[in-house]
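Please keep the structure in view while reading.

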Amino acid sequence: MSKKVIIIGAGHGGIQVVASLREEGFDGEIVLIASEKEMPYQKPPLSKGYLQDKQSEEAILFRTATYYENNNIQLRLGEEVQQVKTTEKQVVTSSGETISFTHLILATGANNRKLVLNGTEAPNILYLRTLNDAQVIAQRLESSQHIAIIGGGFIGLELAALAAEKGKQVTVIEAQTRLMERVLPAVISTTFQQTHEHNGVRICLNSHIEQISSEGIQSKEGFVRADLILAGIGVIPGDSLAQEAGIVCENGVVVNEFQQTSVPYIYAIGDCANHYNVFARKNIRLESVQNAVDQAKVAVNHILEQPQAYRAVPWFWTNQYHLKLQMVGISADFDEYVLRGEKGSDKFSVYYFKNKQLIAVDSLNRAADHLNARKLITAGISPTKTQIEDLSFNLNDCLK
Ligand SMILES: Cc1cc2nc3c(=O)[nH]c(=O)nc-3n(C[C@H](O)[C@H](O)[C@H](O)COP(=O)(O)OP(=O)(O)OC[C@H]3O[C@@H](n4cnc5c(N)ncnc54)[C@H](O)[C@@H]3O)c2cc1C
C-alpha cells in the first residue's frame with residue numbers, strides 16, 4: 001500500500017515535513033491541514049521585522065501558492081482537525097470530512113498562556129502568536145501612546161523594543177527579579193535592561209499584578225497607565241488533540257528519538273513535542289524554529305525508512321534594538337561560566353560549563369562565536385578558560 005502522510009499544522013515544523021518529504025523523493029499523497037486561513041508564514045518576524053514595518057506579509061510566507069501546487073501538496077487552509085482516530089488511522093476536520101492516513105504528523109505548535117487574575121482571564125490584553133494577532137497589534141500600536149507589556153521574556157522584550165523605536169511610552173512589568181531570568185544569566189539580563197532603559201522603556205521587576213482595567217494595570221507596586229496592554233507570559237503545548245486521542249502526553253506529546261508518539265505511526269514535532277534531549281540531559285519541550293525544522297527531518301527520515309535519531313544541539317535567537325543574541329545549548333544547570341569580550345559592552349559571549357564540559361554559549365553581537373560554539377558543543381569539545389578569554393585566539397582551532 002502506498003503511503004499517505006497527513007500533517008496537522010502548517011508552521012515551521014509542518015512546512016519542513018512537506019519540503020523534506022518531496023526533496024527525499026516521496027511520491028505518496030501529502031495533506032497539510034492548517035487551522036489558519038492565511039498562506040503558511042514564518043512566526044519570528046511577527047515580533048520583529050513585520051511589526052517594525054520592515055517586512056511585508058508576502059515577505060514572511062514560507063512558499064508561494066505555486067510551490068504547493070507544483071509539488072502536489074493538498075493544502076487545506078482554514079480547516080481544523082477536531083479528532084484523531086488512532087486505530088482507524090483517520091482524522092476528522094472542522095468541515096466534517098474524515099481523511100485516512102498511513103502516517104500522521106502532529107505539528108500543532110503551542111498556544112499563548114493567558115493571564116488569570118482571581119480565577120478569571122484578565123481583560124483588555126492582546127497576545128501575539130499568529131499573523132492575525134500581529135495585524136490587530138499593528139493597528140492598536142498606531143493609535144496608542146502608553147504601552148504596557150506584561151512579561152520580560154523574549155517576545156515581551158522584542159515588542160517593547162519595537163514600540164519604543166516607534167516613540168511610544170513603554171513599561172515592561174515582570175514578576176521575576178530580572179529580565180529573561182528563566183534562560184539567561186544576570187550578566188546578559190543587565191545589558192538588555194540597560195539598553196531598554198536607555199531607549200526610554202521603564203522596567204518594573206518583582207511586580208505583582210492585582211487588577212487590569214481599561215485605564216491600565218494596578219500592581220502591588222503602583223499603577224501603570226496603558227492604552228494598550230500586550231502580554232508574553234509563556235505558552236502551553238498544543239497537545240489537546242493528542243490527549244483526546246489517548247496518545248501519551250506530559251507537558252506536550254511524548255515522543256521517542258524518531259519523533260514517534262505512543263502510537264508508532266503518529267509522530268509529533270516542534271513546540272508540541274516532549275522529547276529526551278541529550279544536550280539538556282532530560283526530557284524537554286523546545287520552542288524554537290530550529291527544533292521544529294530538525295524534528296521534522298527526523299520524522300520524515302523515519303517514515304521513509306532511513307531512521308536517524310534526533311540529536312541536534314538546540315539554538316535560538318532574539319533581536320532587540322541593535323542587540324542580536326544567539327544562544328546554543330541548554331545552560332540551565334551550569335556550574336561555571338567564562339566571558340569572551342567585555343562584560344557590560346554590547347559585544348561579548350558567555351561560555352557555560354558543567355563538570356568542566358562546555359554545555360552552552362550565549363553570544364551577543366558575536367555571530368562568529370555562535371557558529372563556532374554550535375560546532376564545539378556538537379563535537380563535545382571544551383576550550384580552556386584561557387583560550388576563551390583570549391580574543392586573539394581563534395576558537396575554530398579547537399575543532400582541528
Ligand atoms: C511572535 C513570535 C516570535 C518568535 N520568535 C522566534 C525566534 O526569534 N526564534 C525562534 O527560534 N523561534 C521563535 N518563535 C518560536 C517559533 O516560532 C516556534 O518555536 C515555531 O513556530 C514552532 O514550530 P511548530 O511547527 O512547532 O509550530 P507553529 O509554527 O506554531 O505551527 C503550528 C500550527 O499548527 C496549527 N494548528 C494547531 N492545531 C491545529 C489543528 N487542530 N488543526 C489544524 N491546524 C492546527 C496552528 O494554527 C499553527 O499555525 C517565535 C514565536 C512567536 C509566536
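## The contact of α1 with α7

In this predicted model, residues H12, G13, Q16, V17, S20 and L21 of helix α1 meet V289, A292, V293, A296, K297 and V300 of helix α7.

Two packed helices are described by the angle between their axes and the distance between the axes. Helix α1 spans residues 12-23 and helix α7 spans residues 289-303, and their axes come within 8 Å while crossing at roughly 40 degrees. Because of that angle, α1 counts as oblique to α7, an angle under 35 degrees being what would count as roughly parallel. The crossing in which α1 passes α7 is right-handed.

## The sheet of β4, β5 and β6

Strands of a sheet pair through backbone hydrogen bonds, either parallel or antiparallel. Here, three strands form an open sheet in the order β4-β5-β6, and their pairing is antiparallel. Since β4 and β6 stand at the edges and each has a single partner strand, one side of each is left without a neighbour in the sheet. On average, and with direction ignored, neighbouring strands of this sheet are turned by 25 degrees against each other.

Strand β4, covering residues 81-85, pairs with strand β5, covering residues 90-93, in the antiparallel sense over four bridges. Within this pairing, V81 has T93 of β5 as its bridge partner, and V84 has V91, also in β5, as its bridge partner. The hairpin of β4 and β5 has four residues between the strands, and K89 takes a positive phi near 55 degrees there.

Strand β5 also pairs with strand β6, residues 98-100, in the antiparallel sense and over three bridges. In this second pairing, the bridge partner of Q90 is S100 in β6. The hairpin of β5 and β6 likewise has four residues between the strands, and in this hairpin G96 takes a positive phi near 90 degrees.

## The annotated span

An unreviewed UniProt entry carries the annotation "domain: FAD/NAD(P)-binding", which covers residues 3-296. In the model, the end C-alpha atoms of residues 3-296 lie 17 Å apart, and the span is 23% helix and 30% strand.

Technical notes:
Residues are numbered from 1 along each chain as its sequence is written. This is a predicted model: local features need pLDDT of at least 70, side-chain atom pairs count only at pLDDT 80 or more; totals for chains, interfaces and linings use all residues. Side-chain values use heavy atoms; hydrogens and water are left out. UniProt positions are given in the numbering used here, feature names are shortened, and annotations may be inferred rather than shown by experiment. Helices (H or I, at least four residues) and strands (E, at least two) are DSSP runs, numbered from the N terminus. Two strands pair if DSSP finds at least two bridges between them. Axes are lines fitted to C-alpha atoms, for helices over the stretch in contact, and angles run from 0 to 180 degrees between N-to-C directions. Angles under 35 degrees count as roughly parallel, over 145 as roughly antiparallel, 65 to 115 as roughly perpendicular and the rest as oblique. A crossing is left-handed if the near helix is turned anticlockwise from the far one by less than a right angle, and right-handed if clockwise. Contact means heavy atoms within 4.5 Å.
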